[in-house]
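Hi,

Here is the structure I promised to send over. Have a look at it first, and my notes follow below.

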Amino acid sequence: MVRKVGAGLQAAPAFVRPPPRLVDWSIFAIVCFEAVSGLVSFTVGSVAWWPLFWAHRIAGLTLIVLLGFKLARVRHRLTNSGQWVPSTVLSVVTLLSVVGVLATGISWVFGLDVRLSQWTLLSVHVGFGLVLVPLMLWHLTTRFRLPKRRDFDRRRTILQYTVLLVGGAVAYRGQEFANRFLNGPGADRRFTGSQPRDGAGNESFPITAWVADDPAPVELSDWTLTVRGAVESPLELEYRDLSADTERQALLDCTSGWYTVQQWRGLRVGDVLDAAGVDEEGQFVRFVSVTGYRWSLPIDEARDALLATHVGGERLSHGHGAPLRLVAPGRRGFQWVKWVERVDVRRRGDPAQWVVTLVSGFD
Ligand SMILES: Nc1nc2c(c(=O)[nH]1)N[C@H]1C(S)=C(S)[C@@H](COP(=O)(O)O)O[C@H]1N2
Ligand SMILES: [Mo]
């Protein structure tokens with residue numbers, strides 16, 4: 001079967017099959033684009049970014065066809081052990097990771113929900129992607145050939161790639177209809193790809209650590225909320241001082257692939273800031289967890305965020321960040337800092353937060 005398809009693709013007239021070097025460099029370009037768009041997609045939460053998610057999916061689908069062309073061409077080097085050279089091993093490993101990244105990506109879109117311990121298929125997809133990039137770069141150094149001018153027939157190439165992209169878009173759209181028809185977990189995805197977790201309160205959605213944060217439950221007798229930095233009068237509040245009187249509905253969308261809409265109750269950050277009196281130079285607000293995990297928001301956005309004590313009418317459970325967690329509507333879940341104990345008003349953003357969220361919780 002594979003052989004037949006391979007032979008078919010190989011025999012495909014030049015009209016449909018781009019020249020070999022172009023195929024190779026297209027695969028390279030697409031994998032780079034997928035890595036960048038995939039990573040960026042994890043950091044954005046507003047619907048305005050939907051074209052990025054679509055581009056990632058369509059480009060991924062075109063990869064299947066390009067890979068088919070490539071395999072049809074090099075297949076004999078893999079199937080004929082007489083032709084094996086040391087770099088063939090690298091080629092095979094690289095191929096396996098491309099297949100892995102495509103298979104997990106596609107199964108995820110169809111709502112297949114197998115877990116590797118706490119890892120969803122989406123996380124495994126990211127894992128394959130992260131190993132694929134260095135493997136591909138290494139593979140490239142063993143067979144480096146620049147595309148040549150004479151490889152191109154401009155009009156034909158443009159046409160081929162247009163067909164490829166349109167085909168990818170149609171296939172993705174077709175998948176949406178198929179998923180709606182199947183009516184499984186793939187049917188009800190957000191533009192981010194996340195699947196719904198329904199219900200209200202602590203038990204209705206998963207407890208997630210971005211990487212390794214797993215603190216002991218916070219004792220209220222030891223805990224205070226400190227507000228400091230560019231403020232007129234720093235505050236130190238105990239739990240019983242908090243007036244958790246603001247309620248709002250907000251959607252939490254985790255990069256591991258689920259989302260939930262909950263009714264949150266707590267303190268409006270703007271009220272907390274007003275109580276401390278923000279200096280003129282205060283531009284960003286940083287929320288810091290008892291674990292050191294932290295995230296900053298521009299001050300106007302921060303004012304509108306919530307430091308929640310309750311979810312769905314219940315006191316937050318420890319896993320969900322008790323006594324206090326950030327609710328940052330429009331942001332991805334990893335920015336909703338749990339177990340908040342400090343609010344810093346700052347002049348600048350905090351680039352180091354990117355590293356801190358990855359390493360906090362490791363000793
Ligand atoms: N301190 C801290 N806050 C955190 C995390 C973490 O690991 N440590 N994980 C984040 C991630 S990845 C998500 S999706 C949400 C999950 O919130 P939940 O566990 O209440 O579902 O919390 C965020 N807040
Ligand atoms: Mo997350």
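How much space lies in the largest cavity? About 240 Å³. This is a predicted model, where local features need pLDDT of at least 70, side-chain atom pairs count only at pLDDT 80 or more, and totals for chains, interfaces and linings use all residues. Residues are numbered from 1 along each chain as its sequence is written, chains are lettered from A and ligands numbered from 1 in the order in which they are written, and side-chain values use heavy atoms, with hydrogens and water left out.

Back to that cavity: the structure holds one of 30 Å³ or more. (A cavity here is a set of points on a 1 Å grid over the protein atoms alone where a 1.4 Å probe fits but cannot get out, and lining residues have an atom within 4 Å of a point; the volume is the space filled by probe spheres set on the points, which are joined across faces, edges and corners.) Its lining has 20 residues, and the closest to the centre are Thr208, Ala209, Arg325, Gly333 and Lys338. By class, the lining divides into 13 nonpolar, four polar and three charged residues (Ala, Val, Leu, Ile, Met, Phe, Trp, Tyr, Cys and Pro count as nonpolar, Asp, Glu, Lys and Arg as charged, the others, Gly among them, as polar).

Next, a helix pair. Helix 2 (residues 20–43) packs on helix 5 (residues 121–142) at about 140°, with the axes 10 Å apart. (Helices are DSSP runs of H or I, at least four residues, and strands are runs of E, at least two, numbered from the N terminus; axes are lines fitted to C-alpha atoms over the stretch in contact, and angles run from 0 to 180 degrees between N-to-C directions.) The contact (heavy atoms within 4.5 Å) includes Trp25, Phe28 and Phe42 of helix 2 and Leu122, Met136 and Leu140 of helix 5. It has 14 nonpolar residues, no polar and no charged ones.

UniProt (unreviewed entry) puts "transmembrane region" at several spans, among them 27–48 and 158–174. The chain is 77% helix over 27–48 and 100% helix over 158–174.

Two backbone details to check: alanine 322 and proline 323 are joined by a cis peptide bond, omega about 10°, and proline 323 sits in the loop between strand 9 (314–315) and strand 10 (325–327). Tryptophan 339 has a positive phi, near 55°, in the loop between strand 10 and strand 11 (340–346).

Cheers

Definitions and conventions
UniProt positions are given in the numbering used here, feature names are shortened, and annotations may be inferred rather than shown by experiment. On a 1 Å grid over the protein atoms alone, a cavity is a set of points where a 1.4 Å probe fits but cannot get out, and a pocket is an open set with protein on both sides within 12 Å along at least five of seven lines; lining residues have an atom within 4 Å of a point.
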